[in-house]
Number of protein chains: 2
Amino acid sequence: MGLTVQKFGGTSVADADRIRAVADHVARTRRQGHDVAVVVSAMGKTTDELIRLAQDVSVTRPGREVDMLLTAGERISAALVSMALADLGVMATSFTGSQAGIITDTTHGRAKILEVRADRVRDALSQGRVPVVAGFQGVSTDRDVTTLGRGASDTTAVALAAALGAEVCEIYTDVSGVFTADPRIVPEARRLAQLSFEEMLEMADTGARVLMPRSVEFARNHGVTLHVRSSFTWEPGTWVKEEDPSMEQAIVSGITHDTSEAKVTVTGVPDRPGIAARLFRSLADRGVNVDMIVQNVSIHGTTDISFTVPKLELDAALEVTREHAGEIGANDVLADSGVARVSLIGAGMKTHPGIAATMFETLAKENVNIEMISTSSIRISCVVRTAEVERAVQVLHEAFSLS
Amino acid sequence: MGLTVQKFGGTSVADADRIRAVADHVARTRRQGHDVAVVVSAMGKTTDELIRLAQDVSVTRPGREVDMLLTAGERISAALVSMALADLGVMATSFTGSQAGIITDTTHGRAKILEVRADRVRDALSQGRVPVVAGFQGVSTDRDVTTLGRGASDTTAVALAAALGAEVCEIYTDVSGVFTADPRIVPEARRLAQLSFEEMLEMADTGARVLMPRSVEFARNHGVTLHVRSSFTWEPGTWVKEEDPSMEQAIVSGITHDTSEAKVTVTGVPDRPGIAARLFRSLADRGVNVDMIVQNVSIHGTTDISFTVPKLELDAALEVTREHAGEIGANDVLADSGVARVSLIGAGMKTHPGIAATMFETLAKENVNIEMISTSSIRISCVVRTAEVERAVQVLHEAFSLS
């Protein structure tokens, strides 16, 4: 049988007991005849604690040094998992990101993987050993230690799975898979057995927290099959893979929601070419991540532009936007933190017209006002009031019979 | 002015305040016109905590994985000290042992430094930066992460000072230097302004805990001047350097004591060539560190052999010794954990006869019984009862007017 990459998140290796449970599972997978390569996150809250320590020591906190500091976390869990495996008679070798050949650019804090030179990992596998790789980290082309951004141990796992030609990359976490909606809001939400990369990407982009969009994108681009599952129950979870054209596609696979964004509206924008381009270029230069953008049709030569940004970046966004509004002679800039987004995702939407209409009707029947709409071929998102978003998720879940 | 290597031990970087104080001192040294390279230990009890974690997770604890685990400690403090320096406007770059070019053999847990390829450290210095090197660690010729043994951050500092041609290697610790005796036992003990490598080596070997014998030996072999001083008071401490033939040497520089060893005696050993050799070879093969060895003159064809070993290794030593005693027809093997050693050290002893006589007379006058004696050209050690060792240190300190 082939190679399985198993990635264990922070809660999965939070303490000695959990680490031994992880080792047990790896050993069991090996007994079933699979080769296994492991990728680990830092234990529990280790990364947060290291960040707090850095804040106590320094105001400037150069990125290179923060990366040197934070990478200690995964190094610790990789070594401990390897030791726990040794107790079970499974020979294991821990590797830092650098030793595993995760070569990145030089952008500290959110480095991009340029290449995976996994020779040492491959050697370990060919010797019948289990490589245990520290996630979230790499080494830059300048030979400095880098980190790939919060939650990027998934990316390490996917990149390694791609480089090693693994059959599957298993992402172990504290939930048992991807659900049709957040089970805390919709108790009858169902775990999805399977999703396409595109669906998973849309879900991750719009609020499903189980996987980072970036790792899904990497998996799609390299054709790495993902299996999201629980390290507490060990039951089979959700498979994420290439769309299977022979299978009938669910029209709507899931409903996501997100309350982390705020809305900015610029009113009375002169309708001239290049105005919007300059605004969004300035926002990008300032590091503001703009998500949805909606521009109304022009009336009397002016238009309104609305967009959403992470609440944490709202102040910066407003500053940049107000500056521009003055220059271009717009009327006003309005900020609204009381918004949330609800999204329908489903690969079958492409071939089934009328989904959007059903969505809008369902929300209208519940008196949920829609403030912005944006769509892709397999997603429809509506911005609504934060106070109404949970009800919106519930009625849509029922309307599309997802239970 | 030249280069100063400053090494800060665990208590010197124990928390955020201490780390900022260290950064302050490094910045001040730079303002005084010196280039500075820093070597740090892990913060406070970090190493102990990581060892406890390993014990919770694993019984086998492979050496390679323990090294991977423990090296996280110095990585953390190196990054934090670099950040604290950045706050003071001092550009600093942290380096792991591997990045600093500390190349070792493959003996995990107590690797020996084979070579220091300090190119990156040198580059940082030539760019006007302060390199901050994680002590205690290196990379093996197999490209695995290694550690150099407990307390070996001093060794890292000395090796780096030698490789960089530093003017001095300052060892910052929680005491203010090397004293004529342990100040807890002899309140009037005096801090020594200066010691030769040989004296320091004998003192370290016989109980002065302020420096590891290994780092002193390395400093002597490479002619690296040491300055042992406090990171709490920052006052000048004790210089350790080449003996200066123009200076008059102190006859006795200091008195050390050590209660960590036990005595083993084999009685009625047939006085034939090779008997002792075989015993001590077997002890060495078992990893027992034999310290003092005393063999009495032979009476009626048999002799008694006594030796001391660390108390932690007593069980192993007895097992090996009893096996041999049986084979060679010795009478008995006796163990004694109630012993301690008191030592006089002084380079001037070489040219001043009668020191040993004064030592023995002083102890006799106090009714302190001497059980074993061993000497070098600059040291006299006596094994006495543990209960009497503090008194022995006190009366010898007075007899040789060390106050």
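In chain B, helix α7 is followed by G207(B), whose phi is positive, near 130 degrees. The structure is a predicted model, in which local features need pLDDT of at least 70 and side-chain atom pairs count only at pLDDT 80 or more, while totals for chains, interfaces and linings use all residues. Residues are numbered from 1 along each chain as its sequence is written, and chains are lettered from A and ligands numbered from 1 in the order in which they are written.

Helices (H or I, at least four residues) and strands (E, at least two) are DSSP runs, numbered from the N terminus.

Chain B contains an open sheet of 8 strands with mixed pairing, in the order β3-β6-β2-β1-β9-β11-β12-β10. Its edges are formed by β3 (92-95) and β10 (194-196) of chain B, each with a single partner strand, so one side of each is left without a neighbour in the sheet. From one strand to the next the twist averages 20 degrees. Two strands are taken to pair if DSSP finds at least two bridges between them. Strands β11 (residues 226-230) and β12 (residues 238-241) of chain B run antiparallel and are joined by 3 bridges, with V240(B) in β12(B) as the bridge partner of L226(B).

Helix α5 (residues 119-126) of chain B lies across β2 (35-40), β3 and β6 (130-134) of chain B, at about 150 degrees to β6(B). Such angles run from 0 to 180 degrees between N-to-C directions of axes, which are lines fitted to C-alpha atoms, for helices over the stretch in contact. Contact between two residues requires their C-beta atoms, placed from the backbone, to lie within 7 Å.

**Chain A: overall form and strand pairing**

The secondary structure of chain A comes to 12 helices and 20 strands, and buried residues make up 50% of its 403 residues. Along its principal axes, the C-alpha trace of chain A spans about 75 × 50 × 35 Å. Of the contacts in chain A with a separation of 6 or more, 75% are between residues 24 or more positions apart.

An open sheet of chain A has 4 strands in the order β13-β18-β20-β19, with antiparallel pairing. At its edges stand β13 (254-258) and β19 (372-376) of chain A, each with a single partner strand, so one side of each is left without a neighbour in the sheet.

| Strand pair | Sense | Bridges |
|---|---|---|
| β19(A) and β20(A) (residues 379-385) | antiparallel | 5 bridges |
| β9(A) (residues 168-173) and β11(A) | parallel | 5 bridges |
| β11(A) and β12(A) (residues 238-241) | antiparallel | 3 bridges |

In β20(A), R379(A) stands opposite S376(A). L226(A) in β11(A) is the bridge partner of C169(A), and V240(A) in β12(A) is the bridge partner of L226(A). Of the 5 residues of strand β11 (residues 226-230) of chain A, 4 are buried, so this strand is largely enclosed by the rest of the structure.

Helix α7 (residues 197-205) of chain A lies across β13, β18 (339-345), β19 and β20 of chain A, running at about 170 degrees to β18(A). Helix α12 (residues 389-399) of chain A lies across β13, β18 and β20 of chain A, running at about 15 degrees to β18(A).

**How the two chains meet**

In the model, 27 residues of chain B are in contact with 27 residues of chain A. The elements giving two or more residues to the side of chain B that touches chain A are α1 (16-31), α2 (46-57), α3 (63-70) and α4 (72-87) of chain B, and α4(B) gives the most, with 11 residues.

Chain B is superposed on chain A by a rotation of 180 degrees with 0.1 Å of shift along its axis (RMSD 0.1 Å). The two copies are thus related as by a two-fold rotation axis; copies are superposed by least squares on the C-alpha atoms of residues with pLDDT of at least 70 in both. The same surface serves both copies, as 100% of the contact residues of chain B recur in chain A. Of the residues of chain B, A72(B) comes closest to the rotation axis, at 2.4 Å (C-alpha).

How values were computed:
Buried ≥ 20, exposed ≤ 12 C-beta atoms within 10 Å, placed from the backbone.
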